Amino acid sequence: MKIVTAVQKPILFAMGFLFFILSSFCFSQTAVTTQTAPQRIASLNICIDQLLWELVPHERLVSISYLTADPVWSPIAAQVKGMPVNHGLAEEIVPLKPDVIFAGEFDQRSPIELLQKLGKRVERLPLPRTLEDINDQILQLADMVGERAKAEQMVREISAQIAELQAANQGKTPLTAFWYSANGVVIGDGTLEHEFMQLAGLRNLAAERGMFGFNQLDLELLLSAKPQILIVEQGSDDAYSLAREYLSHPALRHADFKVITLPAGLSGCAATVISDVATQLKNSLAK
């Protein structure tokens with residue numbers, strides 16, 4: 001039988017009281033977080049719209065970008081039909097009395113500054129430039145709207161798809177490739193596309209030529225490099241334009257390389273397409 005001494009009793013009492021206080025504090029913090037999560041959310045950015053559509057109950061969205069409702073630009077246009085839209089103007093947003101307004105790094109400054117002067121809470125999210133940035137942005141946005149659990153699930157799914165892409169091509173001889181876009185542009189180092197190519201075990205010929213970011217490359221130079229793979233995004237060959245004629249050039253159609261077509265949007269709204277891009281790239285390379 002264990003005997004508790006007179007000295008030990010105050011210590012045990014103090015420890016119990018401290019545990020009670022900490023438990024109450026944690027509970028109250030959770031309750032406050034739940035209660036203060038913004039219930040009226042507006043967004044001026046098509047990419048943030050798509051993330052919010054995944055993360056929060058749709059009735060909490062009081063306004064989204066008009067681009068998100070346009071099927072030319074948005075993969076969720078049909079789903080958001082009937083949602084209130086805005087054109088990034090302060091006079092459209094203020095009457096809605098949002099608890100928070102989300103904007104992207106490159107959205108117009110003047111309406112955002114006006115909204116801030118009017119005392120509105122505006123959160124600007126940077127454009128993700130790496131795979132790590134994407135996961136960070138998803139979690140950051142989720143914390144702002146009180147939906148951490150959903151975001152963590154999204155991040156787990158993205159990480160799993162990326163891991164599968166990397167594992168599928170590990171140990172194989174790297175194939176040479178260009179990530180080719182409209183207007184004869186190839187994508188070099190310092191981009192998400194380059195990071196994807198590395199994960200897939202591809203040699204980015206643009207990066208090997210010292211190219212950084214997006215660069216125009218003459219068709220003759222592209223063909224003389226003799227890539228084994230040419231990657232294009234779905235949106236690049238959907239619509240007719242002078243810029244996109246490069247992708248339908250007879251020299252490209254008859255060249256001796258494999259063309260892999262991926263879902264569009266990695267350079268724009270990466271967070272919402274990254275899993276699909278990873279899966280499609282893995283499956284295409286396996287064929």
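Colleague: Why is Thr 176 called buried?

Modeller: In this predicted model, Thr 176 has a relative accessible area of 10%, and since buried means under 20% relative accessible area, the residue is therefore classed as buried. Thr 176 is found in strand S6, which covers residues 175-181.

Colleague: Which residues does Thr 176 touch, not counting residues up to four places away in sequence?

Modeller: Thr 176 touches Arg 203, Leu 205, Lys 226, Pro 227, Gln 228 and Ile 229, where a contact means heavy atoms within 4.5 Å.

Colleague: What makes strands S3 and S5 the edges of their sheet?

Modeller: The sheet is open and has 5 strands in the order S3-S2-S1-S4-S5, with parallel pairing. Strand S3 (85-86) and strand S5 (122-125) each have a single partner strand, so one side of each is left without a neighbour in the sheet.

Colleague: What makes the span of helix H11 close to the expected one?

Modeller: Helix H11 (residues 270-286) has 17 residues, and its reach from first C-alpha to last is 23 Å, which is close to the 24 Å expected at 1.5 Å a residue.

Colleague: Which residues of H11 are buried?

Modeller: The buried residues in H11 are Ala 270, Ala 271, Val 273, Ile 274, Val 277, Ala 278, Leu 281, Lys 282, Ser 284 and Leu 285. As a general point, an α-helix has 3.6 residues a turn, so residues three or four places apart point the same way.

Colleague: What can be said of the chain as a whole, in its helices and strands, its burial and its contacts?

Modeller: The chain has 11 helices and 11 strands, and buried residues make up 41% of its 287 residues. Among contacts between residues at least 6 apart in sequence, 61% join residues at least 24 apart. The accessible surface of the chain comes to about 16,100 Å², of which 58% belongs to carbon and sulfur atoms.

Conventions. Residues are numbered from 1 along each chain as its sequence is written. This is a predicted model: local features need pLDDT of at least 70, side-chain atom pairs count only at pLDDT 80 or more; totals for chains, interfaces and linings use all residues. Side-chain values use heavy atoms; hydrogens and water are left out. Two strands pair if DSSP finds at least two bridges between them. Helices (H or I, at least four residues) and strands (E, at least two) are DSSP runs, numbered from the N terminus. Buried means under 20% relative accessible area, exposed over 50%, partly exposed in between (1.4 Å probe, protein chains only). Accessible areas come from the Shrake-Rupley method with a 1.4 Å probe; for residues, only the protein chains shown count as cover. The expected span of a helix is 1.5 Å times one less than its number of residues.
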